[in-house]
Amino acid sequence: MLFIELFIQGLIQGSTYAIIAVGLTLIYGLLRVLHVAHAGLFTLGAYLGVVLTNQTGSLSLGILLAALISGIVGMAIYRLVYEPMLSKPPYVALIASIGLYIGMEEIFRLVFGPFGMSFSSAPLQDIVVFFGIHLRTCQIITVVTNVVLLGILAWIAQRTRIGTGWRATVDDPQMSACFGINPIKVRYMVFFTGSALAAVAGVMVALLTNIVEPTMGAVPSYKSLAIIVLGGLGNVFGTLIASLVLGILEAFGTIYIGDLLDRDAIAFAFLIIVLMIKPTGIFTSR
Amino acid sequence: MGLYEISLATGVGIYIILAVSLNMITGYCGQISLGHAAFYGIGAYTVALLSKIGWPIYLTLGAGFLAAGIIGTIVGLTSLRVREDFLAIVTMGVAFLFVGIVRQQEFLGGEMGISGIPSHGMSKLAYLGLVLFFAVLSILFSWYVKRSWMGFAFDAVADDEDTAKVLGLDVKAYKLTAFAMGTAMAGLAGGLYAYYTRFIIPDTFGFIESITILSMVAVGGIGSIFGVVFATILLVLMPEFFRFINDYKLLLYGVLLFSVMRFAPEGLSGFFKLLVRRKDG
Amino acid sequence: MIKKLMLLFVVFCVSLYFGTVWAGDTIKIGFNAPLTGFAASDGKSSTFGAKLAVKQINEKGGVNGKMLELVVYDDQAKASQSIPISNKMIGQDKVVVGISGSYSGPTRSAAGIFQESNIPYISAYAIHPDITKAGDYVFRTSFLGEVQGRAGAKLIGDILGKKKVVMITLKNDFGKSLAAGFKEKAKDFGITIINEYEYSIKDRQFGAIVAKVKSDRPDAIYASGYYFTAGPLVSQLRASGITVPVIGQEGYDSQKFIEIAGKAAEGVIITTSLDRDSDVPETADFIKNFEALAGYKADMVAASAHTAVKVAALAIQKAKSTDPGKIRAAIAAISLKTATGTIEFNNLGEVLKDIQNQVVKNGEWHHHSVISDPTLLAPPEK
């Protein structure tokens with residue numbers, strides 16, 4: 001019984017990681033950039049979601065607007081930060097992204113205060129009981145959202161023109177340009193999608209914990225970086241699996257090897273062990 | 001020189017050693033390490049534990065230097081198996097693992113850290129002298145390596161690994177050497193830090209600290225010793241100068257990092273080169 | 001042109017540097033707190049608490065005929081920052097007393113420096129035992145973690161009569177020292193600790209621990225944390241169907257905890273030093289005036305900082321001088337009623353005062369009970 005509960009908790013946690021990591025892996029697949037500031041969009045989404053829901057009373061509106069605004073901010077980040085740096089060595093974009101993330105954290109603190117923000121009346125907290133396990137609606141919604149969003153993403157990638165265009169651009173930007181696919185458009189789209197997803201993840205976490213803080217993006221962002229390596233850089237399906245596996249590992253690890261290792265370190269221990277065995281990751285990159 | 005100035009300068013000296021040592025790994029061999037603070041920590045903990053059981057300072061510092069270098073070599077061996085993109089994340093993992101493991105071990109002080117580290121036995125001024133001595137030593141050593149045949153090899157590896165291999169350079173060996181030297185120096189800095197604060201906790205040596213050191217190297221200009229030293233002094237002293245705008249200093253720091261990368265990715269060294277060129281032209 | 005700009009910049013920096021050195025005719029008290037970084041919320045509160053105390057003292061005419069000036073520095077909760085800050089406070093600002101409104105890491109390092117320079121240093125709420133061991137110039141106005149942990153054992157085992165306890169411990173010096181104190185006295189009150197789980201200060205989702213705790217079926221849960229971890233934790237515990245009492249400590253002591261946990265906060269009991277229902281004038285007065293100054297309800301760190309400043313000010317008054325040695329002696333001999341209890345120090349610089357237990361009722365903190373057992377709460381002597 002306990003094991004099933006732990007497993008379910010792992011899935012919930014893993015789902016939040018997956019929604020964040022997918023955006024990161026899409027961006028990496030496209031630009032070979034470690035977009036650390038992605039975590040800032042996660043936090044932005046959480047703040048916007050809470051503020052808008054508190055103001056309008058509607059969670060759906062809150063999530064929608066949060067995703068939209070974060071998506072636009074994400075595109076702006078691409079244009080202002082990464083586009084000018086594409087020709088430079090990778091550490092340039094990495095450090096710029098880190099600087100940007102620090103700046104975003106600070107702006108959140110200055111604007112919203114350091115105390116953490118909560119929903120005035122948190123939605124989706126009703127409890128559903130099945131087979132003796134108590135789950136809050138928001139927990140179920142998180143997993144469902146994860147599956148649905150990523151499912152849609154996978155479908156777009158495989159079955160639509162846009163998706164094919166994206167995959168082609170990742171594989172070979174020059175060739176795909178020859179075929180009339182606009183790489184710039186693809187980039188904007190990817191940044192929009194990834195950032196919107198991060199925002200949604202942010203709102204999910206806000207529902208789960210009811211506290212939104214300026215620094216909340218840090219830990220998920222570190223773990224996402226480990227996840228995208230494990231999942232294969234650019235590989236959406238791999239990232240999903242890696243996220244869920246990590247969530248489950250953390251759930252069991254916290255209880256059973258908590259004496260040995262910090263929860264946050266589990267992600268990286270897992271990563272390093274895997275890379276020792278198979279240096280290209282569990283799944284290969286796309 | 002007042003106590004305040006001495007303590008500031010000591011802090012700067014320790015960071016110079018850290019930045020210069022990371023510069024050797026990242027700048028010379030092109031390997032992005034996001035876990036440098038872990039080796040800083042290994043040095044600090046080694047020195048803290050040994051000094052508490054009575055070892056004298058010159059032995060403890062040596063031990064810290066070696067311990068960090070040895071573990072650095074082991075970590076370096078992993079870096080051989082993975083390339084660029086993975087390396088950054090793997091080293092990030094090292095940063096988290098170090099903190100994650102140390103905080104769980106009671107004999108390392110766990111969360112409480114290690115306090116009551118014995119004094120170095122010198123006056124504050126004399127200790128500053130020691131720290132600066134090591135800082136200068138590390139700068140000279142870096143400079144020597146850069147100018148030597150090893151430096152040329154490092155350059156080649158940083159520029160283009162595959163070509164370097166084709167040319168017969170034992171890429172793996174050079175990468176490993178860079179790692180070993182850089183991490184050993186970081187360990188030395190850690191030891192000096194332990195005597196400076198006399199109280200260490202695991203969180204000090206985490207990922208954020210690694211990023212802080214990396215940003216000193218990046219702002220200075222990866223590979224440039226002079227630039228890195230200058231950037232370190234600037235970034236360490238900046239919080240001091242900007243105390244009056246307390247609330248905004250982290251924001252300023254983030255903006256600075258971002259701006260330098262965006263507008264002058266060669267870092268300060270590139271900026272100075274530009275100035276020099278302007279004067280001539 | 002660039003040369004001119006650089007010169008201007010240097011002049012600007014130098015003048016700023018010297019500008020901060022210029023002193024008016026005030027008595028300076030140094031205060032280090034985390035104003036930025038992850039602990040910024042506690043830094044903000046403790047600074048407000050300290051500022052309120054200074055304001056109140058100055059309104060009554062100051063100390064020894066001069067106004068008090070609070071010199072505040074941001075240490076980001078880091079030891080590496082607190083060292084130059086302490087040196088600056090002592091060397092340049094010439095503070096007569098230092099107060100820490102910060103966490104244990106920076107406080108511990110700063111204490112060493114103040115001790116070496118023979119300037120009194122008071123830790124408002126940092127709980128690491130080694131802080132006061134730095135020497136006779138260092139004092140602490142709040143409880144040691146261990147002491148509070150022991151009180152928790154009495155609260156659960158004796159006052160509430162619960163015997164099977166699960167511990168959820170925050171993995172830092174605060175949580176660990178509380179756990180140590182609790183475990184030390186658990187048997188004395190008939191408590192069996194079924195299990196202990198640890199979590200990190202960055203955790204906000206406790207699904208796994210909650211699931212495991214539920215399967216342990218305890219009579220009570222002793223959980224350490226700060227409002228930003230305890231809030232989510234308690235909320236998630238209740239949501240999973242756990243109904244047994246949850247007992248916390250002063251880390252929860254803030255209205256934010258109740259805001260975050262909502263209805264789940266009802267009935268949570270904590271060991272702390274601020275009694276909201278107190279009719280002791282110092283306490284009631286502080287609570288009212290704090291909310292007027294800061295715009296939000298008082299919390300423990302604010303109250304602790306307020307207490308520390310009051311102690312410092314009275315000591316300077318009694319010493320009738322700014323000589324640090326005399327001030328130190330005055331602090332050591334002091335007996336002052338403050339918002340957080342009567343402050344008297346033992347040889348180590350630790351206090352012995354009552355533990356106020358508070359419970360959440362109708363969305364607010366209220367009086368629950370008091371623990372005044374001098375043997376139980378006795379701090380270490382050396």
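This report describes the chains of a predicted model, their interfaces and some of their charged residues.

**Chain B on its own**

The secondary structure of chain B comes to twelve helices and two strands, and from the N terminus on these elements follow the order α-α-α-α-β-α-α-α-α-β-α-α-α-α. Of the 281 residues in chain B, 64% are buried. Among the contacts in chain B between residues at least 6 apart in sequence, 82% join residues that are at least 24 apart.

**The interface of chain A and chain B**

Where chain A meets chain B, 44 residues of chain A are in contact with 38 residues of chain B. The two chains bury about 3,600 Å² between them, and 77% of this area is on carbon and sulfur atoms. Three residues, Y91(A), I95(A) and Y222(A), supply 16% of the area that chain A buries against chain B, which is more than any other three residues supply. Across this interface of chain A and chain B the rule finds zero salt bridges, and it finds one residue pair in polar contact, with both residues at pLDDT 80 or more.

The side of chain A that touches chain B draws at least two residues from each of the helices α3 (59–82), α4 (90–112), α9 (218–231) and α11 (263–277) of chain A. The element that gives the most to this side is α4(A), with 15 residues. Sorted by class, the side of chain A that touches chain B holds 33 nonpolar, five polar and six charged residues.

One residue of helix α11 of chain A is M276(A). Because its relative accessibility is 35%, M276(A) counts as partly exposed. M276(A) and S87(A) are separated by 189 residues in sequence and lie 31 Å apart in space, C-alpha to C-alpha.

**The interface of chain B and chain C**

Between chain B and chain C, 30 residues of chain B are in contact with 33 residues of chain C. Chain B and chain C bury about 3,000 Å² between them, with 60% of it on carbon and sulfur atoms. The count of salt bridges between chain B and chain C is three, and the rule also finds four residue pairs in polar contact across this interface, both residues of each pair being at pLDDT 80 or more.

On the side of chain B that touches chain C, at least two residues come from each of α1 (3–29), α8 (171–197), α10 (225–241), α11 (249–263) and α12 (267–280) of chain B. Here α1(B) gives the most, with five residues. By class, this side of chain B has 13 nonpolar, six polar and eleven charged residues.

**Salt bridges**

Over all chains, the count by this rule comes to 22 salt bridges.

| Residue | Partner | N to O distance |
|---|---|---|
| E116(C) | K124(B) | 2.7 Å |
| R79(A) | E83(A) | 3.2 Å |
| E196(C) | K183(C) | 2.7 Å |
| R276(C) | D253(C) | 2.4 Å |

In the pair of R276(C) and D253(C), both residues are buried. R276(C) lies in the loop between β10 (269–272) and α10 (281–294) of chain C, and D253(C) lies in the loop between β9 (246–249) and α9 (255–261) of chain C, so the pair ties together parts that are 23 residues apart in sequence.

In chain C, E196(C) is partly exposed, with a relative accessible area of 28%, while K183(C) is partly exposed with 41%. Beyond these pairs, E106(B), K176(C) and E198(C) are linked in a network of salt bridges.

**A buried lysine in chain C**

K353(C) lies in the loop between β12 (341–343) and β13 (355–361) of chain C. K353(C) is buried and yet has no salt bridge, for the nearest side chain of opposite charge, that of E250(C), is 7.0 Å away. The side chain of K353(C) instead reaches two backbone oxygens, that of T141(C) at 2.8 Å and that of T340(C) at 3.3 Å. Leaving out residues up to four places away in sequence, K353(C) touches T141(C), S142(C), F143(C), S273(C), T340(C), T342(C), I343(C) and L377(C).

Conventions: Residues are numbered from 1 along each chain as its sequence is written. Chains are lettered from A and ligands numbered from 1 in the order in which they are written. This is a predicted model: local features need pLDDT of at least 70, side-chain atom pairs count only at pLDDT 80 or more; totals for chains, interfaces and linings use all residues. Side-chain values use heavy atoms; hydrogens and water are left out. Contact means heavy atoms within 4.5 Å. Buried area is the accessible area (1.4 Å probe) that two parts lose on being put together, summed over both. A salt bridge is a side-chain nitrogen of Lys or Arg within 4 Å of a carboxyl oxygen of Asp or Glu. A polar contact is a pair of N or O atoms within 3.5 Å; within protein, one must be able to donate a hydrogen and the other to accept it, and residues adjacent in sequence count only if both atoms are side-chain atoms. Helices (H or I, at least four residues) and strands (E, at least two) are DSSP runs, numbered from the N terminus. Ala, Val, Leu, Ile, Met, Phe, Trp, Tyr, Cys and Pro count as nonpolar, Asp, Glu, Lys and Arg as charged, and the others, Gly among them, as polar. Buried means under 20% relative accessible area, exposed over 50%, partly exposed in between (1.4 Å probe, protein chains only). Lys and Arg count as positive and Asp and Glu as negative; His and the chain ends are not counted.
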